[in-house]
Amino acid sequence: MSTHKLAESEYDKAGDFYVNWLDKNVPDRDTQIRPSIEIMLAMLGDVQGTNVCDLGCGEGYLSRILASRGALVTGVDTSRILLRHAREHSNQLGITYFLDDAQSMNQVSDASMDAVICNMALMDIPDLTATFSSVRRVLVDGGKLVFSILHPCFFTPFNAENPPEDLDEEGNFKALRVTRYGLEGKWFSDGDGMCGTLGSRHRTLSTYLNTLSTSGFQLEEVSEPLAPVLEATAKRRESIVPTLLIAKSTALPT
Ligand SMILES: C[S@@+](CC[C@H](N)C(=O)[O-])C[C@H]1O[C@@H](n2cnc3c(N)ncnc32)[C@H](O)[C@@H]1O
């Protein structure tokens, strides 16, 4: 099994941008992203002793949680830089990391995984059909696929200088403008954040769900988590409009 045809990762082309972005924007992951991770883990159920692939594992935050819960974890990612960070932080956890592409998963054997979990990576991957078929190939019949994505209905291509939130005079969230929902493809904002630097691939909800269905999966559960309402309900976009879409599906027998 070879990785010599692997194209250079967009994350690696951007050097340390992503790890620095994480440090700056998500310094306390156990508070900031753990609630959505816990929803995904609840969808997976008990992972003790099961083979779980963390697809697009990045620097391995989720892989480490899975390993600490007794899963036999294989992390897959195309970024050499992020895999180096992942390996450095995973001593003695027994996690296997592969430099490999989600669209083929050449290094992962057929029917070798009980579950695949993919947190916030599908928007980076060009070919969704190839990715879901690779996931189906590595899963056992009845295996689970749990993924999270930026909510495709509410996080649509926009210009950073023209953010889609309308606020009232007090700065409270009032409304969200959904722009260019039907235009699929990679887009960049004008800013220097994630969407400005690495871009994001927009797909409609029907593309995600129909591709899942034609790739041999049955949708089981969907979650659109909202941030807790801290003060006045109208104040925060995240308390009213979901940022993420989380889905659980089962691999149908082939
Ligand atoms: C936003 S990061 C999320 C990382 C990780 N899942 C997490 O939650 O911290 C997206 C990840 O997808 C990886 N990625 C992008 N394209 C990929 C591909 N074709 N195959 C595998 N991983 C890919 C990136 O290298 C990056 O680590």
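Predicted model: local features only at pLDDT ≥ 70, side-chain atom pairs only at ≥ 80, totals over all residues.
**Overall form**

The protein contains 9 helices and 11 strands. Its radius of gyration is 18 Å, close to the 18 Å that the globule rule gives for 254 residues, so the protein is as compact as a globular protein of that length. Along the principal axes, the C-alpha atoms fill a box of roughly 55 × 35 × 35 Å. Of the 254 residues, 35% are buried, and among contacts between residues at least 6 apart in sequence, 66% join residues at least 24 apart.

**Core and ligand shell**

In soluble globular proteins, nonpolar side chains tend to be buried together. Here the largest nonpolar core has 53 residues, and those with the most contacts inside it are Val52, Leu55, Val116 and Ile117. Strand 5, spanning residues 139-150, gives the most to this core, with 6 residues. When neighbours within four places in sequence are left aside, Leu55 is in contact with Val76, Ala102, Val116, Ile117, Cys118, Ala121 and Val135.

The ligand is surrounded by 20 residues, of which the closest are Gly56, Gly58, Ser79, Ala102 and Ala121. Helix 5 (61-68) and strand 2 (72-77) are the elements that give two or more residues to this shell. The composition of the shell by class is tabulated below.

| Class in the ligand shell | Number of residues |
|---|---|
| Nonpolar | 10 residues |
| Polar | 7 residues |

**Helix 4**

The buried residues of helix 4, which covers residues 34-44, are Met40, Met43 and Leu44. Seen down the helix axis, these buried residues fall within an arc of 110 degrees, so they line one face of helix 4. They pack against strand 4 (113-119), strand 5, strand 10 (217-223) and strand 11 (244-251), whereas the face turned away from the buried side carries the exposed residues Pro35 and Glu38. After helix 4 comes Gly45, whose phi is positive, near 80 degrees.

**Thr129**

Thr129 lies in helix 7, residues 128-138, and counts as exposed because it has 12 C-beta neighbours inside 10 Å. Not counting residues up to four places away in sequence, Thr129 touches Thr211 and Ser215. The C-alpha atoms of Thr129 and Val146, which are 17 residues apart along the chain, are separated by 16 Å.

Key. Residues numbered from 1 in each chain as written. Core = buried A, V, L, I, M, F, W, Y, C linked by C-beta atoms within 7 Å. Buried ≥ 20, exposed ≤ 12 C-beta atoms within 10 Å, placed from the backbone. Helix = DSSP H or I, 4+ residues; strand = E, 2+ residues; numbered from the N terminus. Contact = placed C-beta atoms within 7 Å. Near = placed C-beta within 6 Å. Nonpolar A, V, L, I, M, F, W, Y, C, P; charged D, E, K, R; others polar. Arc of directions from axis to C-beta. Rg over C-alpha atoms; globule rule 2.2 N^0.38 Å.
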